[in-house]
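Student: I would like to learn how to read a few features of a model. Please begin with contacts.

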Amino acid sequence: MHMPDAANSGDSFDVIVVGAGNAALCAALSAQEQGARVVVLERAPEEESGGNSRFTAGAIRVAYRGVDDLRELMPDLTEDEIAQTDFGTYTEDQFFDDMFRVTRNRTDPVLCEILVRRSFETLKWLRGKGVRFQPIWGRQAFKVDGKFKFWGGLTVEAWGGGPGLVQAETEACRKRGIEIRYRSRATRILTDGFRVQGVQVKTPGRLYELRAPAVILAAGGFQGDAEMRTRYLGPGWELAKVRGTRFNTGDGIKMALDIGASPFGNWSGCHAVQWDFNAPEYGDLAVGDAFQKHSYPWSVLVNANGRRFLDEGADFRNYTYAKYGRVVLEQPGNFAWQVFDRKVLHLLRDEYRIKQVTKVRADTLEELAQKLEGVDGKAFLEEIRAYNAAVRTDIPFNPNVKDGRRTEGLAINKSNWANTIEEPPFEAYQVGCGITFTFGGLRIDPETRVLDQDQEPIGGLYACGELVGGIFYFNYPGGSGLINGAVFGKIAGATAVADLRRNA
């Protein structure tokens, strides 16, 4: 299919996709499937390509009715694995409940409905493109009575994590003749004031115009730009570490706003987690997401004043981790220590065992208090004594469920998984704030057309992934970022081509 008015000068494309992460590659595959000639522009060099998707652990939230649905996504599952596992169900209603609960009912209902209802069919579509999935045995299941039991609605991950997902999607694009240009930064959208006509592209030593009647923006949020973080998220956010790529500096958002796009969503909100306090400024692909420290529900978290400041056991990790980075950033000195005793050390996730970790270990609480850098040791010991006395040890501890094992009578109680801190050895890990992605972005219609300030579509402009606003507010359920990119990426590619045909 060749649309009229496609680019001349040897470069003849129907659709330009800006970005090369999960959302972008899904958009490219979807547009190509409809017969379009597609080019993907990736700002990063090939070895750093893939945006934030490359840095994720690869968990993908998807609605499923039971093991038969999962077998469609993961035909490699053996009878033995199925016999040893209670996969349960994760219905569309449960997915809706999680989305509305963690966003405090602010998620855009139309976009949220599309996300949830199309989650399963989109993963099946990706499976058909050669992307493989597997159960998250290691991080989302505990063994109960000899069976693995999944919890928190997260069951599926991409084979090989985020890097495996990007690699599989990239190979799928190459196999289908989709050109990917690396070190190619889109800097401006070309437009006649009504319709998009292509983009200006900057490569090392060259600036050129690439013409096409449709442009899909999938270039991520603005978390990599310290100035934008501070302007929109607030003072102190320039001090946060960026978990993922250094290339997500809001290019797609800024280019669209420059031609009149409507901003939408939670511009002062973001996904931010507890991250090793001494991690580098940006993500390190060799370490991946192992700087995160997500076993805090079994811990006691204390700040520089030696005080607890949040409910570590408010909910499963999946529903609190994306908002607690902000809370840590707001503490004096922008850090906290996660403190564990021997009873729970065996539950700590693998990321606690990496070489590059800020960790102390002690055989007495007094010795630990001296080793917690930046912490008021005397206040810390008082806090732990008060906490230990408040734990309801008569309620059994169970990491698989919200066990109700709580504290009573404290200014900030722990709601679940409250264990005393009294059995040596003690371990503590220093965490700061790691920002994953920003929640504010562009306003789209249900078909991913970017809307202008009059709420009218900007002809030929589409958006998907983390630069779309309105889907997440305050927090997000784990694994919903990748499914968001895949669902709306697939829609963007199809819509772009359908619109071109209609306008041909």
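Tutor: A contact means heavy atoms within 4.5 Å. This is a predicted model, in which local features need pLDDT of at least 70, side-chain atom pairs count only at pLDDT 80 or more, and totals for chains, interfaces and linings use all residues. Residues are numbered from 1 along each chain as its sequence is written, and side-chain values use heavy atoms, with hydrogens and water left out.

Student: Which residues does Val 17 touch, not counting those up to four places away in sequence?

Tutor: Val 17 touches Ala 24, Ala 28, Val 38, Val 39, Val 40, Leu 41 and Ile 216. The C-alpha atoms of Val 17 and Glu 42, 25 residues apart along the chain, are separated by 8.7 Å.

Student: Is Val 17 buried or exposed?

Tutor: Buried means under 20% relative accessible area, exposed over 50%, partly exposed in between (1.4 Å probe, protein chains only). Val 17 has a relative accessible area of 0%, so this residue is buried.

Student: What is the average pLDDT of the protein?

Tutor: pLDDT is the predictor's confidence in each residue, from 0 to 100. The protein averages 95, and 97% of the residues score at least 70. Over residues 3–9, pLDDT stays under 50, and the model has eleven contacts there beyond four places in sequence.

Student: How are the residues that line the second largest cavity divided by class?

Tutor: Ala, Val, Leu, Ile, Met, Phe, Trp, Tyr, Cys and Pro count as nonpolar, Asp, Glu, Lys and Arg as charged, and the others, Gly among them, as polar. By class, this lining has five nonpolar, five polar and one charged residues.
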